[in-house]
Amino acid sequence: MQVARAAYQPKLPQGLKGNVTLKEGEPTQSVADQEEIKALFPNTYGLPLVEFVPSDKASESGKEPMNVGVILSGGQAPGGHNVISGLFDGIKRLNPANKLYGFLLGPGGLVDHKYIELTSDIIDEYRNTGGFDIIGSGRTKLEEESQFESGLEILRELGIKAVVIIGGDDSNTNACVLAEYYLAHKTGIQVIGCPKTIDGDLKNDQIETSFGFDTACKTYSELIGNIERDANSAKKYWHFIKLMGRSASHIALECALETQPNICIVSEEVQQKGETLQDIVDNIAQAVADRAKDGNNFGIVLIPEGLIEFIPSIEKLIAELNDLLASKEYAADAPADRIEWLNGKLSAANAEVFKSLPRAFAEQLTGERDPHGNVQVSLIETEKLLSQMVAEKLKQMKAEGKYVGKFAAQHHFFGYEGRCAAPSNFDADYCYSLGVSASELIAAGKTGYMAIVKNTTAPADQWKAGGVPITMMLNMEKRNGKMKPVIRKALVELGGKPFKEFAAHREEWKKHTCYVYPGPIQYWGPTEVCDKTTETLRLEQSK
């Protein structure tokens with residue numbers, strides 16, 4: 001399949017075919033904190049939106065030979081190789097003498113001067129494939145002047161005119177900071193971003209979806225559908241499935257819309273309602289009991305990876321645990337039993353919550369922190385915690401005569417399985433278009449922009465390609481105790497069409513077996529099967 005897939009030619013919007021001209025819109029402003037953002041980005045603030053449209057005349061911009069650098073930043077997402085393929089083809093179309101350099105293992109490759117030239121032989125091996133292995137990725141943050149200057153040395157040495165950073169919200173914030181620095185210091189080097197993250201939380205009025213979300217959700221939904229079929233066949237297990245998505249529940253919601261499980265927890269709703277962990281457990285236990293009355297001792301529960309941080313009582317507990325574990329007192333005492341030590345130091349309300357948790361879960365909550373000092377939620381087995389607490393609740397309900405049935409649980413965490421899948425036709429086309437759009441932004445002399453493609457529920461030739469100033473997406477948020485400019489994460493909107501569609505059906509799905517089995521991603525066949533978008537995008541763009 002990979003050999004056949006390499007021959008696939010991604011579809012392009014009309015605005016990126018043949019001769020292209022750039023249409024500029026009105027000046028923009030940031031989504032919030034306008035004065036602070038403007039002060040931090042005086043050279044890149046207020047730039048106009050741009051769109052590429054077909055032209056009768058060949059443009060003279062971008063005809064001079066130029067070299068371009070590309071960086072893959074952060075976690076993998078299906079389609080990254082096609083962004084690079086589109087960028088390569090785009091700059092070669094402008095001038096066959098143009099060269100593309102890939103910096104190895106993320107932004108650190110720029111700082112440490114580690115790179116390769118990406119030739120057609122290399123590019124052709126990676127067309128329409130998943131993963132980021134063409135040059136590797138990394139999570140080095142570009143924040144220090146010394147990093148900017150070190151990068152500048154190698155860019156000048158290689159004669160690179162522009163750098164394309166392919167990443168999520170933090171990576172594109174870094175791209176904006178880098179663009180501002182290089183412009184302020186009159187280096188002549190442009191910086192362009194591309195919107196990547198399977199989590200789906202990099203989207204707004206201008207970015208309809210981040211690349212990789214489509215493929216990842218379809219991959220997870222295939223697995224969930226397989227498990228649903230198994231559950232409906234064996235009729236003896238409740239499957240608790242944790243899905244990637246720390247900061248938002250877009251993946252869980254999309255997979256629910258695709259597969260119709262019995263229960264899908266949406267973190268944003270839990271937070272809005274102020275639900276406790278016990279509230280969530282009681283809800284699941286009641287669903288188990290209701291299905292058992294009909295003889296159905298099986299079911300499917302979808303859980304977002306970041307759920308625990310959205311439960312208000314747990315969120316407060318984690319905040320105090322973070323402070324205590326980082327304290328000098330904790331370091332000095334070096335307690336043999338940190339759980340016991342913490343129980344004696346926590347405030348009364350948090351201590352009560354902490355003591356209610358199973359020991360194994362309490363230990364996961366107090367485990368090693370990430371580089372930012374945060375709990376590593378992907379290592380916390382929320383799916384096992386919930387099933388264990390549900391089992392305890394059902395014992396209690398059985399003793400009270402409120403539950404007749406059998407309960408046995410299976411546990412799954414779908415994370416890495418979806419990050420490097422071969423991109424769907426949608427992601428293959430979308431990413432290739434983003435890469436070509438980035439090349440046209442460079443040719444037009446733009447910097448501090450993110451390549452975008454809109455109207456994505458229409459056929460690909462009707463998509464609209466262009467660029468959005470990254471400053472337009474910024475607001476100020478507290479990070480590590482300091483206010484910093486960051487791209488605002490998009491959470492699930494409880495008033496939005498995708499959540500409303502889910503909410504309209506979930507009570508029926510909870511009680512009855514309404515499973516949908518999507519099967520594997522299809523790459524060849526009817527367009528309504530092969531080129532379809534996510535349910536999220538379809539609903540959001542529906543009139």
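The largest cavity is lined by Gly-200, Lys-203, Glu-208, Thr-209, Ser-210, Phe-213, Thr-534, Thr-536, Leu-537 and Glu-540. Everything here comes from a predicted model, with local features needing pLDDT of at least 70, side-chain atom pairs counting only at pLDDT 80 or more, and totals for chains, interfaces and linings using all residues. Residues are numbered from 1 along each chain as its sequence is written, and side-chain values use heavy atoms, with hydrogens and water left out.

A word on terms: on a 1 Å grid over the protein atoms alone, a cavity is a set of points where a 1.4 Å probe fits but cannot get out, while a pocket is an open set with protein on both sides within 12 Å along at least five of seven lines; lining residues have an atom within 4 Å of a point. The largest cavity comes out at about 60 Å³ (a volume is the space filled by probe spheres set on the points, with grid points joined across faces, edges and corners). The structure holds one cavity of 30 Å³ or more. H22 supplies the largest share of this cavity's lining, three residues (helices are DSSP runs of H or I with at least four residues, strands are E runs with at least two, and both are numbered from the N terminus). Sorted by class, the cavity lining has two nonpolar, five polar and three charged residues; Ala, Val, Leu, Ile, Met, Phe, Trp, Tyr, Cys and Pro count as nonpolar, Asp, Glu, Lys and Arg as charged, and the others, Gly among them, as polar.

Next comes the second largest pocket, with about 700 Å³ of space. It has 27 lining residues, and the closest to its centre are Lys-203, Asn-204, Asp-205, Ala-490 and Glu-493. Helix H9 (250–259), helix H20 (497–511) and helix H22 (535–541) are the elements that give two or more residues to this lining. H22 gives the most, with four residues.

On to the sheets, where two strands pair if DSSP finds at least two bridges between them.

Strand S8 (residues 238–243) runs parallel to S11 and is joined to S11 by six bridges, with Trp-238 opposite Ala-409 in S11.

As for rings, the structure holds twelve aromatic pairs (rings of Phe, Tyr and Trp, the last by its six-membered ring, pair if their centres lie within 6.5 Å; planes under 30 degrees apart count as stacked, over 60 as edge-to-face and the rest as tilted). In one of them, the ring centres of Phe-148 and Tyr-181 are 4.8 Å apart with planes at 55°, so the pair is tilted. This pair links distant parts of the chain, 33 residues apart, with Phe-148 in helix H6 (residues 145–157) and Tyr-181 in helix H7 (residues 169–184).
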